[in-house]
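Please consult the sequence and coordinates shown here alongside the text.

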Amino acid sequence: MKFHHHGYVSGDPRVQPAAGVGINRPSELPEEVDVLIVGSGPAGMITAAQLAQFPGITTRIIERRPGRLAIGQADGIQARSVETFQAFGFAERITAEAYRITEMAFWRPGAEDPTKIVRGGLAPDDPHGISEFPHLIVNQARVLDYFAEVAANSPTRLTPDYGWDFRTLEVIDGNEYPVKVTLVRSAGPDEGTERIVRAKYVVGADGARSKVRASIGCTLAGDAANHAWGVMDVLARTDFPDIRTKCAIQSHDGGSILLIPREGGHLFRMYVDLGVVPEDDHGAVRKTTIEQIIAKANEILNPYTLDVRSVAWHSVYEVGHRLTDRFDDVLPEQIGTRTPRVFITGDACHTHSAKAGQGMNVSMQDGFNIGWKLGHVLEGRSPESLLSTYSAERQVIAQNLIDFDKEWSTLMAKKPEEFNDPAELEDFYVRTAEFPAGFMTQYAPSLIIGGSAHQDLAAGFPVGKRFKSARVSRVCDTNPLHLGHQATADGRWRIYVFADASEAGAPSPVTDLAEWLANDPDSPLAATPEGADQDAWFDVNVIYQQKHEDIDINAVPAVFKPEVGPFRLTDLEKVYGTLPDEDIFDIRGLSRSGVVVLVRPDQYVAGVLPLEATAELAGFFAPLLTAGQRAKA
């Protein structure tokens with residue numbers, strides 16, 4: 001965490017000084033905003049937390065509820081989400097209060113007495129070492145609380161505007177604030193009052209029944225599996241031995257349970273199989289009582305018993321898989337002729353079962369994706385064409401999610417006799433672990449994803465996939481730490497320069513690159529506004545092949561030691577060496593001749609280039625920084 005560079009900080013360093021629109025921020029919802037976010041669920045809150053880091057952008061987030069969410073339906077936090085929390089500064093705190101999944105138990109009918117379930121196997125949660133981050137279970141409401149804290153402590157002092165319901169919108173071209181939004185007061189003494197808010201952009205994060213989605217003419221299309229599940233969060237006495245272990249439980253009659261232990265040591269969630277829903281059911285299954293769900297759970301758990309003492313929450317749902325064909329307001333025939341003004345995220349554009357633990361996790365990546373892009377466009381860093389990449393990137397990911405969830409849901413609903421192998425469910429869980437963990441996402445080449453011509457220089461950083469961290473040694477303080485964990489959700493691009501074997505400061509491709517980055521008008525750093533810190537838009541780091549004790553930090557080129565803050569203090573924390581037994585060059589397959597790795601603000605690898613490829617580096621950023629260069633000129 002960086003602080004003191006603007007003067008001594010004696011209080012909580014997580015509370016950033018108010019700046020820009022955060023100074024004397026009005027408590028009342030203004031008539032004009034840059035971004036209006038509808039819905040304070042995971043997708044909406046991460047979008048707000050990201051945009052809150054841009055002091056000059058007026059962002060407001062409205063929520064029809066009168067206050068914070070108390071009980072969330074989602075609870076699974078995949079490793080990619082925890083990695084994202086690290087960038088927002090609260091991974092350690094939420095991990096401390098969460099339940100951590102390390103193994104999953106698989107129960108099935110016993111061979112001697114199939115009416116009684118037996119443990120058939122245990123599978124590690126991350127058998128391939130995909131991530132250094134854990135798989136957690138924690139109440140969705142706590143995730144929202146942490147993002148709300150980040151936003152409130154940001155320079156813009158962003159807080160939700162509760163008690164406002166979205167009614168409709170229209171886009172009026174030619175207006176500085178072209179999106180006209182009609183809202184209605186949903187709570188408080190003036191409940192029912194209508195008002196108009198005009199916005200430059202609107203983000204619909206208002207759930208599966210999204211009114212924003214309807215306003216831009218999108219509909220969810222897909223199918224239902226005609227299979228119902230009862231879900232309950234309960235406190236209970238039981239003799240089931242794996243009650244504090246994640247379990248997939250299949251009984252002799254085909255009924256099954258997905259058991260998810262919850263945070264706090266006592267609470268747990270059960271997804272209880274209610275069976276196939278008849279075509280003429282007409283919603284009757286949704287009237288299944290909690291007593292019926294508990295009774296069904298006891299049937300499946302035989303010979304064990306479940307004595308429920310308290311029910312925190314319960315519901316009944318039918319598995320459905322639905323997706324919109326676009327995530328913004330640009331119609332297919334308009335592509336290339338206009339840029340979007342309205343976006344939808346999360347359940348507003350993709351719905352699926354809850355059992356793969358993907359809903360909240362994928363929704364947050366939607367919000368992270370659109371958040372920094374809106375920030376760059378509104379701040380003048382990038383042209384509006386950047387916004388067209390949101391729907392193009394995230395719609396494909398949502399389709400991949402639905403395809404995966406269909407397979408997982410089908411397996412969970414199978415009867416034991418329908419499996420070719422009793423271990424089929426367990427094998428699928430292990431074999432596909434990387435997908436639900438959130439690390440299979442790979443964006444295609446685009447305005448912000450380069451080609452793979454030089455991929456062999458950095459085999460462990462596939463272009464389009466998230467930047468997979470590894471440990472290095474920071475030279476200035478000799479601390480061993482994860483390189484990727486130093487990147488915060490501040491909206492900056494990362495340029496990681498992995499040096500050749502030359503010593504720091506010696507004539508080499510690294511010193512030539514450093515000179516070009518610092519002084520050439522074609523360097524992306526040249527777009528940084530006058531008066532801003534040298535690293536305001538680009539976080540440039542160098543990783544040498546030598547150990548920290550063999551690197552002369554005074555010889556390191558100045559571009560890797562930027563001057564920051566009003567006192568022009570030198571930031572020495574961007575210079576790294578390798579660790580004796582954990583050489584990042586070996587671990588990530590990095591060329592010993594050196595390589596440049598470009599990483600987006602949302603942690604995805606955008607390009608891999610040779611140290612000498614300054615023309616390619618300039619060419620990649622030129623269309624992204626046109627707006628910024630014009631502003632500077």
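## Conventions

Helices (H or I, at least four residues) and strands (E, at least two) are DSSP runs, numbered from the N terminus. The model is predicted: local features need pLDDT of at least 70, side-chain atom pairs count only at pLDDT 80 or more, and totals for chains, interfaces and linings use all residues. Residues are numbered from 1 along each chain as its sequence is written, and side-chain values use heavy atoms, with hydrogens and water left out.

## Backbone exceptions

Most residues other than glycine have a negative phi, and most peptide bonds are trans. H4, which lies in the segment before β1, has a positive phi of about 80° although it is not a glycine. Accessibility is classed as buried under 20% relative accessible area, exposed over 50%, and partly exposed in between (1.4 Å probe, protein chains only). H4 is partly exposed, at a relative accessible area of 34%.

N24 is also found in the segment before β1, and its phi, near 55°, is a positive value in a residue other than glycine. N24 counts as exposed, with 73% relative accessibility. A cis peptide bond joins N302 and P303, with omega about 20°. P303 is located in the loop between α6 (290–301) and β16 (306–323).

## Strand β1 and its partners

Strand β1 (residues 32–38) is mostly covered, since 6 of its 7 residues are buried. Two strands are taken to pair if DSSP finds at least two bridges between them. β1 runs parallel to strand β11 (residues 194–204), to which 6 bridges join it; within this pairing, I37 stands opposite V203 of β11.

Strand β2 (residues 59–63) also pairs with β1 in the parallel sense, over 4 bridges, and I62 in β2 is the bridge partner of V38. From β1 the chain crosses to β2 through helix α1 (residues 42–51), and this β-α-β crossover is right-handed. The term right-handed applies if, with the strands pointing away from the viewer, the path from the first strand over the helix to the second runs clockwise.

## A three-stranded antiparallel sheet

An open sheet of 3 strands has the order β3-β7-β4, with antiparallel pairing. Its edge strands are β3 (76–77) and β4 (99–101), each pairing on one side only. Over 3 bridges, β4 pairs in the antiparallel sense with strand β7 (residues 135–137), and R100 stands opposite L136 in β7.

## Domains

The chain is divided into domain 1 (20–88 + 138–222 + 322–413), domain 2 (100–133 + 224–318) and domain 3 (455–629); the bounds come from an automatic or database domain assignment. The centres of domain 1 and domain 3, taken over C-alpha atoms, are separated by 32 Å. In contact (heavy atoms within 4.5 Å) are 22 residues of domain 1 and 22 residues of domain 3.

Buried area is the accessible area (1.4 Å probe) that two parts lose on being put together, summed over both. Domain 1 and domain 3 bury about 1,700 Å² between them, 49% of it on carbon and sulfur atoms. A87, W372 and R381 supply 34% of the area that domain 1 buries against domain 3, more than any other three residues.

## Cysteines

C218 is buried at a relative accessible area of 4%, and C349 is buried at 0%.
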